[in-house]
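Look at the structure first, then read on.

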Amino acid sequence: MHHARLTSFPQGFLWGAASAAYQVEGAHDADGKGPSVWDVFTHLPGKTFQGSNGDVAVDHYHRMSDDVALMKEMGLTAYRFSVSWPRIFPSGRGAVNEAGMAFYERLIDALIAAGIEPVLTLYHWDLPQALQDEYGGWEDRRIIADFEHYCVALFKRFAGKVKYWVSLNEQNYNTTNAYQLGTHPPAVQDRKRFFAANHHAFLANATVIAAFRQHVPGGLIGPSFAYSPAYPASPAPADMLAFENAEEFTNWWWLDTYCFGRYPQAALAWLQKTGEAPEIQPGDTTILQAGLPDFVGVNYYYTTTFTDNPRDGATMQRINTTGQKGTTPSSGVPGLYRTTPNPHLPTSNWDWAIDPTGLRIALRRLASRYDLPLMVTENGLGEFDKLEAGDQVHDDYRIDYLRAHLQACQEAMSDGVQLLGYCPWSFTDILSWLNGYQKRYGFVYVNRDETDAKDLRRIRKDSFYWYQKVIASNGQAM
């Protein structure tokens with residue numbers, strides 16, 4: 001579609017930025033917080049880039065007021081953050097750790113006072129280690145009740161203050177790394193366990209959405225999904241079928257279950273034949289269909305191109321976590337699909353295809369399939385930013401990336417998509433999970449590296465001032 005004129009961003013559009021607790025807070029054992037699986041995993045030798053961890057991260061826990069002041073200066077109208085489950089329940093359940101709850105209340109109150117809408121993510125991967133030790137975390141159905149107990153405590157505390165809630169963040173990406181690639185805790189490679197853990201997460205997600213409706217009247221809740229739209233490598237029928245397989249197994253498996261309360265048919269039939277399908281107990285479908293979302297959060301970074309993969313073909317491979325461009329191998333599932341480079345797209349140093357049109361395609365596909373409002377809950381460019389003399393960070397490449405993706409959002413709205421807001425990743429630089437601190441996403445540079453927290457100074461990048469103008473003009477000054 002080539003529109004004569006693009007739809008303007010509506011009044012009240014949420015101009016945001018995003019973060020996650022483990023990646024920014026630090027204070028890993030402060031004020032009664034219990035350990036998460038990431039607190040333990042990142043201290044195992046060889047698991048992360050140069051042994052980096054979130055013990056200190058960027059110390060948002062102690063610098064929250066200053067960070068919110070920077071958000072206000074930028075003009076943000078929304079801020080997406082996550083709550084650390086073990087900061088609220090150190091052992092996963094039981095009595096609330098009031099000091100942990102009070103931190104998030106201070107954050108929410110500070111945001112509201114600054115005119116910034118809180119967008120609260122309930123789960124961004126920091127499972128209490130106690131629950132992993134006790135029963136294997138997401139591999140056991142007991143997680144459903146414990147997750148509901150945790151979420152309801154937050155619903156009751158913040159119902160009058162927080163309107164937008166994200167239930168599970170990137171369940172697909174996290175569990176793929178945790179149970180197929182072995183690169184996230186609990187670091188195993190077992191597809192049967194992968195699908196079992198996901199089934200329990202779906203049930204937990206639906207259960208807390210149903211509970212949300214009882215405790216947060218007028219609120220909106222939905223999962224955020226790492227959507228990488230599938231492309232076929234060519235119009236050859238075999239590649240088209242591989243593309244269909246990939247879209248069903250890597251995207252619709254999650255999104256259909258969230259939004260329709262059922263698994264996609266072809267994928268479920270395949271897994272039943274391979275013996276990898278989850279155990280669907282009586283009543284599970286009722287639970288899934290009783291907890292459908294109000295909106296879908298879209299975490300978009302890149303598209304993925306697929307080609308045919310024979311039954312003895314490529315298997316799942318680990319991604320590039322070093323920033324050495326060109327080191328990502330082809331990856332796939334035998335008999336279904338494998339990845340292949342797209343010659344029409346440039347890539348980042350982490351081999352992620354840079355494809356703004358892919359965001360438009362993503363939003364259109366989701367809006368047409370599910371007929372729900374959407375929110376871009378993550379979108380950004382991780383690169384090697386350089387701090388130059390005079391505390392200057394010139395990140396024109398990030399501005400170009402974000403500008404192109406915002407234009408794609410505007411094009412999608414012109415196509416009829418209902419878009420609630422845009423929360424690029426991330427507000428400050430962060431710990432980028434397995435990639436350490438070298439992979440920088442923020443509008444605000446944080447002066448630290450993998451092995452030295454230095455002074456953790458906050459330094460506004462060029463992109464900070466660019467986004468400030470975009471927000472002030474409601475998208476007119478892109």
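A pocket, as the word is used here, is an open set of grid points with protein on both sides within 12 Å along at least five of seven lines. The model described is a predicted one.

**The pocket**

How much space lies in the second largest pocket? The space amounts to about 220 Å³. Thirteen residues line this pocket, and those nearest its centre are Lys47, Thr183, Arg318, Thr321 and Leu434. Sorted by class, the lining consists of five nonpolar, six polar and two charged residues.

**The salt bridges**

Side chains of opposite charge can pair when their charged atoms come close. The structure holds 31 salt bridges.

| Pair | Closest N and O atoms |
|---|---|
| Arg193 and Glu139 | 2.7 Å |
| Asp415 and Arg364 | 3.3 Å |
| Asp429 and Lys461 | 2.8 Å |

Take the salt bridge between Arg193 and Glu139, with its closest N and O atoms 2.7 Å apart. This pair links distant parts of the chain, 54 residues apart: Arg193 belongs to helix H9 (residues 191-215), while Glu139 sits in the loop between helix H6 (129-135) and helix H7 (142-158). Arg193 is partly exposed, at a relative accessible area of 32%. Glu139 is also partly exposed, with 23% relative accessibility.

The next pair is Asp415 with Arg364, which form a salt bridge. Here too distant parts of the chain are linked, 51 residues apart: Asp415 is in the loop between helix H14 (396-414) and strand S12 (419-422), and Arg364 is in helix H13 (residues 356-370). Is Asp415 buried or exposed? Asp415 counts as buried because its relative accessibility is 18%, and the cut-off for buried is under 20%. Arg364, with a relative accessible area of 32%, is partly exposed.

The remaining pair in the table is the salt bridge of Asp429 with Lys461. Asp429 is buried, at 2% relative accessibility. Lys461 is buried as well, at 0% relative accessibility. Salt bridges with shared partners join Asp429 and Lys461 into one network with Asp385, Asp395, Arg398 and Arg440.

Note on methods. Residues are numbered from 1 along each chain as its sequence is written. This is a predicted model: local features need pLDDT of at least 70, side-chain atom pairs count only at pLDDT 80 or more; totals for chains, interfaces and linings use all residues. Side-chain values use heavy atoms; hydrogens and water are left out. A salt bridge is a side-chain nitrogen of Lys or Arg within 4 Å of a carboxyl oxygen of Asp or Glu. Helices (H or I, at least four residues) and strands (E, at least two) are DSSP runs, numbered from the N terminus. Buried means under 20% relative accessible area, exposed over 50%, partly exposed in between (1.4 Å probe, protein chains only). On a 1 Å grid over the protein atoms alone, a cavity is a set of points where a 1.4 Å probe fits but cannot get out, and a pocket is an open set with protein on both sides within 12 Å along at least five of seven lines; lining residues have an atom within 4 Å of a point. Grid points are joined across faces, edges and corners, and a volume is the space filled by probe spheres set on the points. Ala, Val, Leu, Ile, Met, Phe, Trp, Tyr, Cys and Pro count as nonpolar, Asp, Glu, Lys and Arg as charged, and the others, Gly among them, as polar.
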